[in-house]
Amino acid sequence: MKRLVLAILVVLSLAVAANAQTYRGAINGTVTDPSGAMVPNATVKATEKATRIDHSTVTTSDGLFAFQDLPVGTYRVIVTASGFAALTVDNIQVAQGVIYTLPVKLSLAQGATTQVEVSAAALTLDTTTETQTTLVSGDDLQSLPQNGRDFSQMIALVPGFGGYAAGGTGSGGGGINGTRWDQVNWQMDGVDNNDLWWNIPSVNQGGVSGIAGIILPTDAIDQFSVQTQASPESGRNPGGTVDLALKSGGNDFHGTVYDYHRNEAFAAKSPFVPAKKQNRNYNYGSSLGGPILKDRLFFFTNFEKQRFSIGLPGEGTEPSTAYQTLALQLMNSYGVSQSSISQKLLANLWPSSILSGPAQPNNYTSNIPEFGFSYNGLAKFDFKINDKNNLSFHWFIGTGNQVAPPGGTVLALASSQ
């Protein structure tokens, strides 16, 4: 009996997990005749234009239809019913975490081959849920100024954004709608992307001075979506759910080659240092997507390398030899002798190369820049099993190294495209 109960609980838990995968998009709507009456048993077919994968259903007795869990992209919907002209609605944009509400009104057939074609409106209203979704995609996603090409900074575009986290916890720490910076759920294609300690993005997490240790290439991202006031299954954090829709291949080959450069030669000198410091960041890579088996198996790949070198943007105060001499003179005037412990600390903790400054505050700035690199790659495969089932697989890997010099304060998030 105990085994039976345990088996039932396991099955129920798996069912709940399966229903929780709502990171994609959806299309729903109604089909009516010219008088406004509902049309039952109408055939509705949604076709993804890039892959030509079809999704079909029929309207209920109330004229309702719904396509759940659709991959993001552009769709064409065709509605057919006996006695009515076939209606085609083109260029429907399915966005991540958004339900596209499509009201369809059929007209009476004037002949055996009567067809009506319309284009979907650029803006639709989700009348099904109370979810608030902020979406960045297409050219906007590529052209936004991202410091170091770090996607996590796009959270600042969300209404209710409350600023980044203090304390140098790294990139991605930002609060929404009055919640703490660690109360946002981060996902990639619905897969968990949360650091177990900080609960900030695991991929693109800040390393030295908040600069991302590894980065998911921006060219691999199709849509950046933030949902707030969503249903419970969409996330476990009160601030909201950030989900990235990764790019996929299609029936046509497509790709990019890019090279982003930042160099101090094109920048003004910082007012906080006596001379212009090295400030360089290079992001270069390429992407390619297309068919392996047309209409059935697709691939997408992306590789990017980041290399940066950043001089200290400010000055620090160090116990220079001149400062130590001045302190000893002051102590001697009061008859105070130097502690042997402090003498050993001063002789061993500070390299002689940083003790040549004058006896005044802000007497040191390092001429050794912070530097680092990362190699980042993504591969994704999508396979159509049949009209009801599709299989998607993605793999991301990143490795890098960062080194920062002693002395002074390195500016957080200093790398930039």
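Predicted model: local features only at pLDDT ≥ 70, side-chain atom pairs only at ≥ 80, totals over all residues.

Colleague: How do S16 and S17 pair up?

Modeller: They're antiparallel, with nine bridges between residues 254–262 and 279–293. His254, for instance, has Gly289 as its bridge partner in S17.

Colleague: And what about S17 with S18?

Modeller: Also antiparallel, over 14 bridges, with S18 covering residues 297–310. Pro291 stands opposite Phe298 of S18.

Colleague: Which residue in the hairpin of S17 and S18 takes a positive phi?

Modeller: Asp295, with phi near 70 degrees; that hairpin has three residues between the strands.

Colleague: OK, switching to the open sheet. What's the strand order?

Modeller: S9-S14-S15-S12-S13, five strands with mixed pairing. S9 (132–137) and S13 (191–192) are the edge strands, each with a single partner strand, so one side of each has no neighbour in the sheet.

Colleague: How many bridges does S9 make with S14?

Modeller: Six, in the antiparallel sense, and S14 spans residues 221–228. One to click on is Thr133, whose bridge partner in S14 is Gln227.

Colleague: Now the rings. How many aromatic pairs are there?

Modeller: The count comes to six aromatic pairs. Phe303, Phe373 and Tyr375 form one aromatic cluster.

Colleague: Which ring does the charged end of Arg149 sit over?

Modeller: That's Tyr258: the charged end of Arg149 is 4.8 Å from the centre of its ring.

Terms used: Residues numbered from 1 in each chain as written. Heavy atoms only, no water. Pairing = 2+ DSSP bridges. Helix = DSSP H or I, 4+ residues; strand = E, 2+ residues; numbered from the N terminus. Phe/Tyr/Trp six-rings, centres within 6.5 Å; stacked < 30°, edge-to-face > 60°. Lys NZ or Arg CZ within 6 Å of the ring centre and 35° of its normal.
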